Amino acid sequence: MIPDSFLRFYEAELRRFRQQGLYRALRVVEGPIGPTIGIDGRSLIQFSSNDYLGMAAHPRVRAEAGEVLARLGTGMGASRLISGNQQIHALLEQELALFKETEAALIFSSGYLTHIGTIPALVGEKDVIFSDALNHASLVDACRLSPARVEIYPHRQIDFIETRLRKKPPRSGARILIVTDGVFSMDGDLAPLPELIRLSEKTEALILVDDAHATGVLGPKGEGSARHWGLDPEGLLTMGTFSKALGALGGFISGPELLVDYLRNKARTLFYSTALPPAVCAAARCALRLLTEEPQRLRSLRENIAYLGQGLQKIGLDPAPHPVPIIPIIVGSEEKALQLSQALWDRGLFIPAIRPPTVPPKQCRLRVSVMATHTPEHLDRLLTAMKELL
Ligand SMILES: *Cc1c(COP(=O)(O)O)cnc(C)c1O
């Protein structure tokens, strides 16, 4: 039995969520993920998927994953450090390190678990973490799990870090970790990586860049933030995922072998969470290969981003020109965002309202995600609807 006091509390909370426009329900999506999806028996054009390159439903990805699934089964039955590590995990890590141009890479079962395992392992009690105010929740939660002092700096304002270090110097011997999204997930803007690297050299800080939305998207072949900025990826510690532009599931750290080796020995989510299924690794390997073999996917994505950005500008929206497929349309209140989302739904377009705690209060928005596989007709449908509604 759940005690009455608990029931009353949860009931009151759910009532409050509804009143404040913060109530959430799970939708059931039918069929494969693509620029159109089925919901409630309808087919809708969606702008809400992180499967930016259309890899999740790619015939070759499906075929290769299917072959491995048939051969090796569904689950690993243990963490990688016990008996859940197969050759395919090692191959994926090798290919990843080559792609990222780093010495080594280490895969985890999700991007979230990558942060949760990595950050508390990297720094301890005496240390300091600087974290961007708009970092993804997985970074926020990972910082909370670390006993290090956490300093939140205003979004992209890295001067704050130096000022803070001067005003409140860390204890002697303390290490400094700076964590930032490479591409911010709800705004689509980029972390000032070159400046961050200069700062890290000056202050002997370590930087961890979350490239969840940069992997497969930024850089000539989708290598990520470092290549986009023309930086040498060699010494950088980057986190990335297979779950977005690569269409599969899983997260990874890429960087110097010493750090990867340390994490292999220390990251709790590697020890205490079951290894990725081999079929998922097969999908990730195939998608990685396709980044090189089918460069037209990234080209199409970039063309679609540019087309939609220009179209939105023409109707008076001003999405800052940026190279990523995340275009926020900020409308303010929960109610307004929900209304706009509903009106788009009525026109056959699926773009859910993004509300707190995912974004700050009063900054509710529609987060438009662009895919390489959107056709010009899909993009025009969105532009026409937006013109009518705004
Ligand atoms: C999605 C996301 C993650 C988490 O990755 P999963 O593989 O979905 O667990 C981490 N960071 C950012 C910025 C993300 O958008």
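Axes are lines fitted to C-alpha atoms, for helices over the stretch in contact, and angles run from 0 to 180 degrees between N-to-C directions. Helices (H or I, at least four residues) and strands (E, at least two) are DSSP runs, numbered from the N terminus. This is a predicted model, in which local features need pLDDT of at least 70, side-chain atom pairs count only at pLDDT 80 or more, and totals for chains, interfaces and linings use all residues. Residues are numbered from 1 along each chain as its sequence is written, and side-chain values use heavy atoms, with hydrogens and water left out.

**Helix packing**

The axes of helix α6 (residues 159-167) and α7 come within 10 Å and cross at roughly 20°. That makes α6 roughly parallel to α7, where angles under 35 degrees count as roughly parallel, over 145 as roughly antiparallel, 65 to 115 as roughly perpendicular and the rest as oblique. The crossing of α6 and α7 is right-handed; a crossing has this hand if the near helix is turned clockwise from the far one by less than a right angle, and is left-handed if anticlockwise.

Helix α12 (residues 296-314) and helix α14 (residues 376-389) have axes that come within 10 Å and cross at roughly 15°. That makes α12 roughly parallel to α14, and their crossing is right-handed.

Helices α4 and α5 (residues 137-145) pack at an angle of about 30°, with their axes 8 Å apart. These two helices, α4 and α5, are therefore roughly parallel to each other, and they cross in a right-handed manner.

**The ligand site**

Of the 14 residues around the ligand, Gly111, Asp210, His213, Ser243 and Lys244 come nearest; a residue is near a molecule or strand if one of its heavy atoms lies within 4 Å of it. The shell around the ligand comprises three nonpolar, eight polar and three charged residues. In this division Ala, Val, Leu, Ile, Met, Phe, Trp, Tyr, Cys and Pro count as nonpolar, Asp, Glu, Lys and Arg as charged, and the others, Gly among them, as polar.

| Protein atom | Ligand atom | Distance |
|---|---|---|
| Gly111, backbone N or O | oxygen | 2.8 Å |
| Asp210, side-chain N or O | nitrogen | 2.6 Å |
| Ser243, polar side-chain atom | oxygen | 2.8 Å |

The protein covers 86% of the 370 Å² of accessible area that the ligand has on its own, with areas from the Shrake-Rupley method and a 1.4 Å probe. Two elements, α4 (111-122) and β9 (237-241), each give two or more residues to the shell around the ligand.

**Backbone features**

A cis peptide bond joins Pro356 and Pro357, with omega about 10°. Pro357 is placed in the loop between β13 (353-354) and β14 (364-369). Glu204, a residue other than glycine, has a positive phi near 55°; its place is in the loop between α7 (193-203) and β8 (205-210).

Terms used: Polar contact = N/O pair within 3.5 Å; in protein donor to acceptor, adjacent residues only side chain to side chain.
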